[in-house]
Amino acid sequence: MINESRLLNKANAYFLDKKFDKALFLYSQLSSLFSDNKEYPIYALFCDIASEDEEKAISLYDYFCVMKKDDLDGAIDYVENVVNAYDGDIDKMMGILEDLNASTVESLDAIKYDDFKKLIKSRGSFRIAFEDIMFSTKVAIENKDDFCDFVTKLIDNDFNSTAYTYLDGFNEYFSYDKEIEELYKKLEEKKIAANHK
């Protein structure tokens, strides 16, 4: 008998390790074996997106993992809308852009961390503020304290893949730094805890 949760955990681990082909194979197996589960095809879709844009795929994965806890159907709808928009559905893309505009984020390129902290305050939480910008805007980090604060908040709000991306991207600047090592350790502990659920 196939252990569904073990297979899903293994697929997720492959995805997070950027072994998208292996993850896709397992997600496809899960979709085939458990065809009533609407979640598994979405994970397979993330692997497909990763073949063109790893960063977008990881951001969508993080967003989906956070959103599905509260509203699986809403999370699936959101991902499908974003994917349709990327696939050239101009109306959907315009709708997403209008939603971004409504979120009070002016720049679609980068936002300084101080401005992002103001956005957090105006939106009421880190999670909501980050969801507003995660697909369109980079957070411009200007010093190590801001970097550590930002990555800690990513981890605390379950944006683990995105946290890894930021840590890996800045690793050459902060290699062997104790605070950065602690952030990696915190992420690994969350990953181990998630795999033992």
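Me: Angles under 35 degrees count as roughly parallel, over 145 as roughly antiparallel, 65 to 115 as roughly perpendicular, and the rest as oblique. What makes helix 1 and helix 3 roughly parallel to each other?

Reply: This is a predicted model, where local features need pLDDT of at least 70, side-chain atom pairs count only at pLDDT 80 or more, and totals for chains, interfaces and linings use all residues. Residues are numbered from 1 along each chain as its sequence is written, and side-chain values use heavy atoms, without hydrogens or water. Helix 1 (residues 4-16) and helix 3 (residues 39-50) pack at about 20°, with axes 11 Å apart. Axes are lines fitted to C-alpha atoms over the stretch in contact, and angles run from 0 to 180 degrees between N-to-C directions. The helices are therefore roughly parallel.

Me: Which residues make the contact of helix 1 with helix 3?

Reply: Helix 1 brings Glu4, Leu8, Asn12 and Phe15, and helix 3 brings Tyr40, Tyr43, Phe46 and Cys47. Contact means heavy atoms within 4.5 Å. The residues split into 6 nonpolar, 1 polar and 1 charged. Ala, Val, Leu, Ile, Met, Phe, Trp, Tyr, Cys and Pro count as nonpolar, Asp, Glu, Lys and Arg as charged, and the others, Gly among them, as polar.

Me: Why is Leu45 called partly exposed?

Reply: Buried means under 20% relative accessible area, exposed over 50%, partly exposed in between (1.4 Å probe, protein chains only). Leu45 has 23% relative accessibility, so it counts as partly exposed. Leu45 sits in helix 3. Leaving out residues up to four places away in sequence, Leu45 touches Val79 and Val83. The C-alpha atoms of Leu45 and Val79 are 9.4 Å apart, across 34 residues of chain.

Me: What makes Ser161 buried?

Reply: Ser161 has 5% relative accessibility, so it counts as buried. Ser161 lies in helix 10 (residues 160-170). Beyond residues up to four places away in sequence, Ser161 touches Leu16, Ile58, Tyr61 and Asp62.

Me: What is the span of helix 9, and what is expected?

Reply: Helix 9 (residues 144-156) has 13 residues and reaches 18 Å from first C-alpha to last, close to the 18 Å expected. The expected span is 1.5 Å times one less than the number of residues. Buried residues of helix 9 include Phe147, Phe150 and Leu154. Asp158 follows helix 9, with a positive phi near 70°.

Me: How many helices and strands are in the protein?

Reply: The protein has 11 helices and 2 strands. These are DSSP runs, numbered from the N terminus (helices H or I, at least four residues; strands E, at least two). Of the 197 residues, 42% count as buried.
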